[in-house]
Each structure stands twice: as structure tokens, then as C-alpha cells.
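Me: I am new to this structure and would like to learn how to read its features. Could we go through them slowly?

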Amino acid sequence: MPEGTVLAFDFGEKRIGVATGETLLGSAHPLTVIHAESNDDRFAAIGKLVAEWQPVLLVVGLPTHADGTPHEMTRLARKFAERLQRRFKLPVGFADERLTSLDAETRLRETGRNSKSAKPLLDAVAAQLILQTWFESPHHVIPAPISA
């Protein structure tokens, strides 16, 4: 695994949660939530984060059904990962995100926030949990480079 900063994404059609972490420390932190309608605006915002944080790797949460079978959001998350890899020329890994949104809600509730005040943070905390899952995974999944 390359040493350095990692950016992780909780992909959603309306919002994308972003977290950051360092491979040497193996700990993740919520960073921001991207609220952008168009793909151009989304990728411009991601481009600013990539320029600022200089990551060596990107991680995308891969949503599936509880039994691990793919669904429509699985396809969209994979497509998002392919676009990240093509645009930023960085390796992209996937982390299982089946329980991260529920876990993020629980963690925010434990800090005394209600769901309404926690909503802006929810996607960033979900991205943090995705990255933490990836750090703790014994085998980090990094797909082969996508041909241009």
C-alpha cells in the first residue's frame, strides 16, 4: 500500500461525503460534503480536494444489498470510481459500506445531535467509516487500472 494521504468518498446521487486519512496512522476523519447537481461541479469540487490534500489513493464506498449482491447504487458507485481513476490518474480502492450510514447516524446521535442537525455531517461521517473499514481490511481491494 502506498504511504500518504487517502481521500474516501461516500457516493450519493445528491451528496458525496468525503473523509481523509493517512496510511501510516490508519485513522480516518470526516472532511466535507459535496453538494453539487452536475457531474462537472462535483468533479471540480473533488479536484480542489485532490489538489489540496495530494492523496496517493482514493477509496469509494461500495453499497450492496445486505447479502452482498449488487444493486443500482453499486453500479453508480463503480462508475463514479472509474471516473475518479480516469480524471485524477490515482489508484481507486473499494470498501464495503453496507452498514456505514446506520453506523454514522448512531455515532452522531451519541454526540447529542438530532438527525436534523446531524444531516450535514452524516455523509462525511459515513465516508470516515468507509475509510476506517478500508484501513482495517486485511486485503485492500484496488482494481486494475481502467483503460482510457
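Reply: Strands (E, at least two residues) and helices (H or I, at least four) are DSSP runs numbered from the N terminus. This is a predicted model, in which local features need pLDDT of at least 70 and side-chain atom pairs count only at pLDDT 80 or more, while totals for chains, interfaces and linings use all residues. Residues are numbered from 1 along each chain as its sequence is written, and side-chain values use heavy atoms, with hydrogens and water left out.

Me: How many bridges join strand 2 to strand 3?

Reply: Two strands pair if DSSP finds at least two bridges between them; here strand 2 (residues 15-22) and strand 3 run antiparallel and are joined by eight bridges.

Me: In what order do the strands of the sheet lie?

Reply: The order is 3-2-1-4-5, in an open sheet of five strands with mixed pairing. Strand 3 (27-35) and strand 5 (92-96) each have a single partner strand, so one side of each is left without a neighbour in the sheet.

Me: How should I read the packing of two helices?

Reply: Two packed helices are described by the angle between their axes and the distance between the axes. Axes are lines fitted to C-alpha atoms, for helices over the stretch in contact, and angles run from 0 to 180 degrees between N-to-C directions. Helix 1 and helix 2 pack at about 55 degrees, with their axes 12 Å apart. The contact (heavy atoms within 4.5 Å) involves residues including Phe43 and Ile46 of helix 1 and Phe80 and Leu84 of helix 2.
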